[in-house]
Amino acid sequence: MGSEFLFNRIARDTSTKARAGRITTAHGSFDTPAFMPVGTQGTVKALTQQMLEEAGASIILGNTYHLYLRPGHATINQLGGLHRFMSWERPILTDSGGFQVFSLNSLRKLSEEGVEFQSHIDGSTHFLSPERSMEIQAALGSDIVMAFDECTPFPATRDEALSSLELTQRWARRSKQRLRELHTDPAAAENAGITIVNQTQALFGINQGSTFLDLREQSLEGLVEIGFDGYAIGGLSVGEQKSAMFEVVSHIAPLMPEDRPRYLMGVGAPEDIVEAVALGVDMFDCVMPTRNARNGQLFTSRGKLNIKNARYRDDAQPIDDACRCAVCTRYSRAYVRHLYMSGEILGSVLSSLHNVSFYLDMMRMMRQAITLGTFKEISDSFLSGLARGLD
RNA sequence: GCUGAGCUGGCAGAGUGGCAUUGCACCUGACUGUAGAUCAGGCGACCCCGAGGGGUCAUUGGAGGUUCGAUUCCUUCGCUCAGCA
């Protein structure tokens, strides 16, 4: 594993820690800093794969937990893996199920071995472990596999954070061992009932430690010792203050191996992503553009806008006149609002397309600025635009 | 014309002597590795302030009555619907 997974650094900003690069996988390459739209159940909600391609999505997320429960990883494996199943030939990263261990905590029982949990769909009992998560992700054939971790709940005492990160550490080692085994020992895959559909799956380890900076360092050292293709910062945006989140990112990101991708999991709002790019983060994912779109909240270069507000009833302007996405070049705010007020599906479709396009354009803008050496000016101006508001 | 059933917020629809319930619609807000096309709050008028609330008045088709107190009971008028002439 990892033989065809590459991270090439292309440019580095001099006034910040921002960096631009290119990641190569078995399903092609994508440029960083990158935003990965979240497609939990084999679909980025409300968008077709063609829309995603046209909006410029170069990698998307899938989820181990959800796809394991439905339709089942064996089914997807038999159909040729997740790429073929959902007809998406660009890279895919799969989350390990670790986040569901956190968000579905009322339905689970945690042990050293793994997590016993009840399906949120039908209440049936299942067991997820590092080994099981690797089997599922191998069956799905994603290009980037995430180690099975425990997303430490917030708030956590220092002792809780420590024992949580140590568990994540042991699970990280087991994840690596099992994924390697599945890839190098044909009998192992066969015994697990799966076919290896992607020979070059990269594996990322996940940094934990809550808001304790020394624990974050301890976690990172342990992960680097095991050795991963990339490193993720997990356990943030789980209820802590934003200042605490950036304290962690600004401390730990620069300590992460320079020659490996750095991935900040679950973040975030546009301004959060810009700030994290400036701290040297390469990859992001977040449900915000898609979930908020379905709930009528749209992102613009002048801050966010709730399209359901009465003030947009007669507004002939595009959602964002600075946006050149397929929605903004064709439809008015009044029309999109009408779709929402009427409960029409197209409202969610157009809003999701706009929000995802907005995020992807923002990433493109930052990549270009880093390469041209203008990141500081461009990002400052972008942030002040967001803060200016629509009035 | 007779008989019966009704009339409650923008709409629908509970309540049957003591704070007018709920849904829809409408108005806001929230959402960060998706148990979420979800959730939360507001929704008669006017006034006050320390911005958290506080106060006054009105209100269940109209008018009257009984009662400490009426959406609820009584009288009457109006309107709607159904059946019968």
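Me: Axes are lines fitted to C-alpha atoms, for helices over the stretch in contact, and angles run from 0 to 180 degrees between N-to-C directions. At what angle do the axes of H9 and helix H10 (residues 242-252) cross?

Reply: This is a predicted model, in which local features need pLDDT of at least 70, side-chain atom pairs count only at pLDDT 80 or more, and totals for chains, interfaces and linings use all residues. Residues are numbered from 1 along each chain as its sequence is written, while chains are lettered from A and ligands numbered from 1 in the order in which they are written. Helices (H or I, at least four residues) and strands (E, at least two) are DSSP runs, numbered from the N terminus. The axes of H9 and H10 come within 10 Å, and their crossing angle is roughly 45 degrees.

Me: Which term describes how H9 and H10 lie to each other?

Reply: Angles under 35 degrees count as roughly parallel, over 145 as roughly antiparallel, 65 to 115 as roughly perpendicular and the rest as oblique. The axes of H9 and H10 cross at roughly 45 degrees. The two helices, H9 and H10, are therefore oblique.

Me: Is the crossing of H9 and H10 left-handed or right-handed?

Reply: A crossing is left-handed if the near helix is turned anticlockwise from the far one by less than a right angle, and right-handed if clockwise. For H9 and H10, the crossing is right-handed.

Me: Which residues of H10 make the contact with H9?

Reply: Two residues are in contact if their C-beta atoms, placed from the backbone, lie within 7 Å. H9 contributes Leu-213, Arg-216 and Leu-220, and the residues of H10 are Val-248, His-251 and Ile-252.

Me: Into which classes do the residues of the contact of H7 with H9 divide?

Reply: The H7 side consists of Ala-161, Leu-162, Leu-165, Gln-169, Ala-172, Arg-173 and Lys-176, which meet Leu-215, Gln-218, Ser-219, Gly-222, Leu-223 and Ile-226 of H9. Ala, Val, Leu, Ile, Met, Phe, Trp, Tyr, Cys and Pro count as nonpolar, Asp, Glu, Lys and Arg as charged, and the others, Gly among them, as polar. The contact of H7 with H9 accordingly has seven nonpolar, four polar and two charged.

Me: How many residues surround RNA strand B?

Reply: A residue is near a molecule or strand if its C-beta atom, placed from the backbone, lies within 6 Å of it. The closest to RNA strand B are His-120, Cys-151, Ser-237, Gly-266 and Gly-268, and the number of surrounding residues is 47.

Me: How many charged residues does the surface near RNA strand B have?

Reply: The elements that give two or more residues to this surface include strand E5 (60-63), helix H5 (98-103) and helix H14 (345-372). By class, the surface has 18 nonpolar and 20 polar residues, and the number of charged residues is nine.

Me: Which residue in E2 is the bridge partner of Asn-8?

Reply: E1 and strand E2 (residues 19-25) run antiparallel and are joined by six bridges. In E2, the bridge partner of Asn-8 is Arg-22.

Me: Where is Gly-268 placed, and what is the omega of the peptide bond from Val-267?

Reply: Gly-268 is in the loop between strand E13 (262-264) and helix H11 (270-278). The peptide bond from Val-267 to Gly-268 is cis, with omega near 5 degrees.

Methods
Two strands pair if DSSP finds at least two bridges between them.
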